[in-house]
Amino acid sequence: MHTILRKLSALPLAVGVLAFGASSLLHAQNPASSSSAPASASTTQDPAQALVGLSKQLDGIKTSLTNKNTTLPLNDLRTEAGLVQQQANQWVDTLTPQMDGVQARLTVLGPAPAAGAPSETPAVSQQRRQLERDKSKLDGEMKQAQLLTQDAAKLTTQIAETRNEQFQTQLSTRNGTPLSIAFWSNLKQSFSEDSVHITRVEGLFVDGVSAAWQPPNRLPFVLCLIGALLLIVPGRWLVERAVLAIASRYMPDGHLRRSALAVILTLTVTLSFGVAAWLAYEGVNWNDTLDDDLVTFALQNVRTVFFAAFVAGLGRALLSYHHPSWRLPALAEETVRDLRWFPWVLGTAFFLLGVIEHLNDIAGASLPAAIATRAFLALLISGLVGLALFRVQRVRRTLRQDDEKAPKRHALWVGVLAGVAVVAVVLAWLSVLIGYIAFGFFISWQLLWVGMIVASLYILTHFQHDLFETLLSPKGRSGQRLQSTFGVAPATLDQTATVLSAICRVLLLIIAVGTVLMPFGGSPNDLFSHIGQAFTNLSFGKLTINPGAVFKAVVVFIAGLLIVRIVKRWLTEQLLPKTSLDVGMQNSIVTLLGYVAVVIVFALALKTADVSLQSITWIASALSVGIGFGLQAIVSNFISGLILLAEQPVKVGDWVSMPGVEGDIRRINVRATEIQLSDRSTMIVPNSQFITQNLRNVTHGNSLGRVKLSLPMPLDTDAAKMREIMLEALQDNHATLATPVPSVSLDDITSSAMTFTGVAYVRSPRDASTVKSDILFDILSRLAKAQLPLSTPQSMVIRNLGPLGEDSPAAPG
């Protein structure tokens, strides 16, 4: 039982087999047996011996490549060369710190004494000689490792070119057509030999199963088979029901539920069948009872099951027959009904493809048998795809006749893919029938491969888009938490979701296109190698761009900006409000520290990206002449902004007045200052105007406002009574201050009126006009009660005089 538990504890590792399933698909025609990989570089191993071993291993790969009688597949040779390159790089990374340490110690010791100078102690001389020997040894080992890395890279490229040449030769080879008698007669002649080979493999398998049924292995064999059956039948059903229940209850309504369900259903089908196949293999080979060739055959078929289940799971998730409301593509019910079993049939066809190919390899099938097998598989796969396209077209033609159920027009790319698939099906059948079986098999395989990639890209694109839209939605729980924690604006969340979704979509598209265009018979390592070569070591002058370093720099820059934002918020909300600094000074400190912190973060990002200022000096030199005049005003405003923050002639909250502008300063930015005018609009003023022009800061020295009002009164007015009324109105207003004391004075006496002037102070100049209006209303009310009229303007009366200067006679009564 302990052995059973130990074996089953490795079950999670079986999930990793899914990653290798893609590699088996890429070379299904010529599956490579797993080769033993050399151990990775270890610091406890002698570097010189390890590098010699890697050099011998690389020479062996070269010998195998030049030997035409070798039986090793080119994929195995390429993988082995890649491992040599990887280990050589590991040794370079291991030896570099040691070299730096030795060089640092030599730097501390300094240069050797010159001739005629006092000699150093023997201990220092001995230490210097030892360090120089170590440096020389490490330098030689590093150069050897770098040369091995370059040789392995060149050899990898050479193997890839050789494989492509073989593949092109294979495609252009014309075999016998299945319509000819010679094709079947050759197959009949080799049938007896192939039967012997198949019987040998069958005997090995029967012996393995018989050994697994023996008492020491019977219990784990039975338990593994039961576990496999439970995974396929009730286990998958229970997992799917649990996923549906959890998604319906806990996942928010929207598109994310549909796309996430498609991903989960695909993984459920893939893992249930794949892990079941792995359990069956473990049960048969519990105590390593199988032959080595049979172990290779079984592991290849396990990988084939993983990918065949992945193909079936993709189709099942896209069709979503049992849950139409959660279906991602807009498919008619009639179409889904006709294609209901197509994913399972296609997955079975792929499984059959892999098993037959692997069986031909392990049994050493004859050339006619291999050709006939590929012809059958090519016709089967392309025929299934053609049948599916025919059914879809038939359903659409039927629905077009019914106006109520007329299907929606599909996207352009869907029509293009369908047209290409139809041409590929016809071309595959024609190629097989005229004798170009390898070419027809390649087209059929590419139909299955490209269809899988497009379906995966479709689901993953929708999933990542829906995921970002849900997580960063301003109305969602996570979006609200981001807003409350980091103070992120809702519009920023929407923009971030859109940008991240676009970046992921581009990355997925690059990977998909790179996978489709990858040389036939490649592996996943080839994919990332081709993609990496396209974007690695891009250079602009002396500036070299490394995508990995750029990605790290972007991460450092974003993390630094988040930290700066958190620190600024802590200063604004927690630390500075507890000090005696006014609001304007607090804002200036936070803004200035923010600018300095952003510069530091930018410098750290450049350092992470391995970009030095010397590398970008040529860019600055080239651009300085062209944009120097354009940047002059920007630099002037920037320096002026720093002066405003440092000297603070104005600060946030001040009421300033300058030609054409008067209002409150709301924000001092790096280039301009925002001033809110009396009509609540905002004026953007360049910072340089605050330095070069005359500026009146109303609240700079004294924040109090003055209310001044003048009232003309008739000459016969009781001056003392008038003074008392005005003084009471000034003092009784709640907005006026007791200190300085309000005052009323007789300002002027003319021939027609006396002018009384009242002065009071309020807390802010912004309140002066409002308080003045309130006081005037109050004084008018008091004057009305006291029956004291205001002075009125003098009027001029014009009278008509008679000819003698007398008044004209009155009109008759």
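**Exercise 1.** In this predicted model, identify the residue of E6 that stands opposite Thr673, and characterise the pairing of the strands concerned.

*Solution.* Step 1: the residue opposite Thr673 is Val685 in E6. Step 2: strand E5 covers residues 672-677 and strand E6 covers residues 682-686. Step 3: the two strands run antiparallel and are joined by five bridges. Step 4: the hairpin they form has four residues between the strands, and within this hairpin Arg680 adopts a positive phi near 75 degrees.

**Exercise 2.** Determine the strand order of the open sheet of three strands, and explain why one side of E8 and of E9 is left without a neighbour in the sheet.

*Solution.* Step 1: the order is E8-E10-E9, and the pairing is antiparallel. Step 2: strand E8 (705-713) and strand E9 (743-749) stand at the edges; each has a single partner strand, so one side of each lacks a neighbour in the sheet. Step 3: from one strand to the next, the twist averages 25 degrees. Step 4: E9 and strand E10 (residues 754-762) run antiparallel and are joined by six bridges. Step 5: as a residue-level example, Leu746 has Phe756 in E10 as its bridge partner.

**Exercise 3.** State which strands helix H24 touches and which strands helix H25 lies across, giving an angle for each helix.

*Solution.* Step 1: helix H24, residues 719-732, packs on the sheet and touches E8, E9 and E10. Step 2: the direction of H24 makes about 20 degrees with that of E10. Step 3: helix H25, residues 768-786, lies across E8 and E10. Step 4: H25 runs at about 30 degrees to E8.

Technical notes
Residues numbered from 1 in each chain as written. Predicted model: local features only at pLDDT ≥ 70, side-chain atom pairs only at ≥ 80, totals over all residues. Heavy atoms only, no water. Pairing = 2+ DSSP bridges. Axes fitted to C-alpha atoms, helices over the stretch in contact; angles between N-to-C directions. Contact = heavy atoms within 4.5 Å.
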